[in-house]
Amino acid sequence: MRQSALFAKTQKQLPKDETSTNARLLLRAGFVHKEMAGVYSFLPLGLRVLNNIANIIREEMFAIGGQEVFLPSLNPKQNWQQTGRWETLDDLFRFTSLYTKTDYALAGTHEEIIVPLVQRFVSSYKELPVAIFQIQNKFRDEKRAKSGLLRGREFLMKDLYSFHANEQDLDRYYQVVKESYDRIFKKAGVEAVYTFASGGTFSKYSHEFQVLTQAGEDTVHVCGACALAVNEEILREQPGCPQCGNKNLRREKAIEVGNIFKLKTKYSSAFQLTYKDERGENKEVIMGCYGIGLNRLMGTIVETSHDKRGIIWPESVAPFLVHLLQISDRPKEAEAAYEQLQNAGIEVLYDDREEVRAGEKFAEADLLGIPWRVVISDKALAQENVEVKERKSERVELVKLQNITDFLRATNS
Ligand code: ATP
Ligand code: MG
């Protein structure tokens with residue numbers, strides 16, 4: 001893509017109330033725009049990152065047998081009354097249509113829709129287990145929305161729900177999802193610590209995936225012996241690590257990027273979701289639910305991967321692999337390089353702007369954080385070279401113009 005055509009540009013003026021590092025960098029780089037507290041528009045570069053994250057997650061969900069659906073945000077009040085959460089969920093957006101006077105909820109989670117839906121279609125042990133997921137916007141009336149993309153009032157979530165004939169099968173699948181989450185976070189370039197959290201009334205523990213950083217709102221206690229962590233709530237109830245008993249834990253700030261939870265029969269009971277077992281007896285379906293916040297994950301990547309000049313995207317989620325900067329007197333050579341890279345299927349943002357000075361282009365490239373910077377300069381061109389630099393390194397390499405595609409392909413494999 002040509003940078004001259006990009007409608008959303010970098011910003012110098014930032015909203016005064018925006019104090020979080022992730023939002024400040026993403027706003028400056030023109031990846032997102034703030035509409036109000038906790039609500040952001042995703043601009044072309046930001047959406048490319050969000051889509052890359054979604055694709056990493058979607059691929060993994062398919063690999064563990066997930067079937068993708070898309071459920072409505074606008075929900076009937078009745079479903080939320082049936083679970084009691086119309087009254088008890090304090091971050092639930094509720095409103096009345098001024099026209100029909102009907103009450104609605106804007107969903108912040110989807111048990112109230114998915115469980116009755118599965119109840120319509122599944123009735124026998126032969127149809128279990130089943131795992132259903134979506135990547136969809138959630139709405140929550142968060143009291144504080146001050147951490148940029150980490151806590152929004154409208155945000156994208158991957159929510160997976162699994163349905164089982166018995167608890168052993170839920171336990172088996174819980175482990176499958178756990179390992180899938182490990183792969184997702186690793187691919188996305190963050191280190192997530194598996195953390196014991198409260199399981200509510202239905203299970204001893206649930207688990208959170210916590211990324212250690214000062215920017216986090218959560219506090220976890222990390223065990224040096226087994227590399228797991230415990231959240232505050234669990235530690236109050238039982239001192240020490242539930243895994244290995246170690247009592248010498250390290251206190252850290254962290255961001256919860258995902259969690260997994262055994263719901264057991266909490267929602268199946270509310271909606272009479274039962275199945276007939278081998279003997280024809282009616283049994284309640286056993287459930288698990290598993291979430292990942294996509295905006296929050298994107299914000300977390302920025303919090304853990306940046307320097308004073310800007311963002312440093314991991315290749316797996318970067319909006320483009322290559323940022324091509326034309327600063328020479330020979331735009332034709334730059335055009336040819338752009339074409340060469342594009343023909344090779346390499347994703348390039350091409351800074352073809354004529355009115356922008358070289359220094360400014362360099363500063364913007366650092367702010368945007370695209371993994372590879374390729375500069376077409378007069379000095380390098382004199383030797384038929386281009387200047388190649390990795391965003392995360394200080395070293396500039398000279399590469400023959402005709403070899404640039406092979407060079408980048410080799411680094412990308
Ligand atoms: P928190 O304790 O941070 O409020 P939660 O326990 O309410 O999170 P879940 O309801 O389990 O979170 O949602 C699943 C995932 O969705 C979380 O692990 C997190 O990554 C993400 N998430 C939750 N709330 C928000 C929010 N307000 N903005 C962005 N992402 C969120
Ligand atoms: Mg919450």
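**Close-up 1. Pairing of strands S4 and S6 in a predicted model.** Strand S4 and strand S6, the latter spanning residues 103-106, are joined by three bridges and pair in the antiparallel sense; the coordinates shown here and in the other views belong to a predicted model. Within this pairing, Pro 76 stands opposite Tyr 104, a residue of S6.

**Close-up 2. The open sheet that contains S4, S5 and S6.** Three strands make up an open sheet in the order S4-S6-S5, and their pairing is antiparallel. Strand S4 (74-76) and strand S5 (93-96) stand at the edges, where each has a single partner strand, so that one side of S4 and one side of S5 are left without a neighbour in the sheet. Direction ignored, neighbouring strands of this sheet are turned against each other by 35° on average.

**Close-up 3. The hairpin of strands S9 and S10.** Strand S9, which covers residues 192-198, pairs with S10 in the antiparallel sense over seven bridges, and Ala 197 has Ser 206 in S10 as its bridge partner. The two strands S9 and S10 form a hairpin with six residues between them, and Gly 200, which lies in the turn, has a positive phi of about 70°.

**Close-up 4. Strand S10 and its pairing with strand S13.** Strand S10 (residues 205-212) is also joined to strand S13 (residues 249-264), by six bridges, and S10 and S13 run antiparallel. In this pairing, the bridge partner of Gln 210 is Glu 256 in S13. Of the eight residues of S10, seven are buried, a state that requires under 20% relative accessible area, and the strand is therefore largely enclosed by the rest of the structure. In a regular strand, the side chains alternate between the two faces of the sheet.

**Close-up 5. The crossing of helices H2 and H6.** Helix H2 (residues 44-63) and helix H6 (residues 167-187) have axes that come within 10 Å and cross at roughly 155°. Because angles over 145 degrees count as roughly antiparallel, H2 and H6 are therefore roughly antiparallel to each other, and their crossing is right-handed. On the H2 side of the contact are Ile 56, Ile 57, Glu 59, Glu 60 and Met 61, which meet Ser 180, Tyr 181, Arg 183, Ile 184 and Lys 187 in H6. By residue class, the contact of H2 with H6 divides into five nonpolar, one polar and four charged residues.

Terms used. Residues are numbered from 1 along each chain as its sequence is written. Chains are lettered from A and ligands numbered from 1 in the order in which they are written. This is a predicted model: local features need pLDDT of at least 70, side-chain atom pairs count only at pLDDT 80 or more; totals for chains, interfaces and linings use all residues. Side-chain values use heavy atoms; hydrogens and water are left out. Axes are lines fitted to C-alpha atoms, for helices over the stretch in contact, and angles run from 0 to 180 degrees between N-to-C directions. Helices (H or I, at least four residues) and strands (E, at least two) are DSSP runs, numbered from the N terminus. Angles under 35 degrees count as roughly parallel, over 145 as roughly antiparallel, 65 to 115 as roughly perpendicular and the rest as oblique. A crossing is left-handed if the near helix is turned anticlockwise from the far one by less than a right angle, and right-handed if clockwise. Contact means heavy atoms within 4.5 Å. Ala, Val, Leu, Ile, Met, Phe, Trp, Tyr, Cys and Pro count as nonpolar, Asp, Glu, Lys and Arg as charged, and the others, Gly among them, as polar. Two strands pair if DSSP finds at least two bridges between them. Buried means under 20% relative accessible area, exposed over 50%, partly exposed in between (1.4 Å probe, protein chains only).
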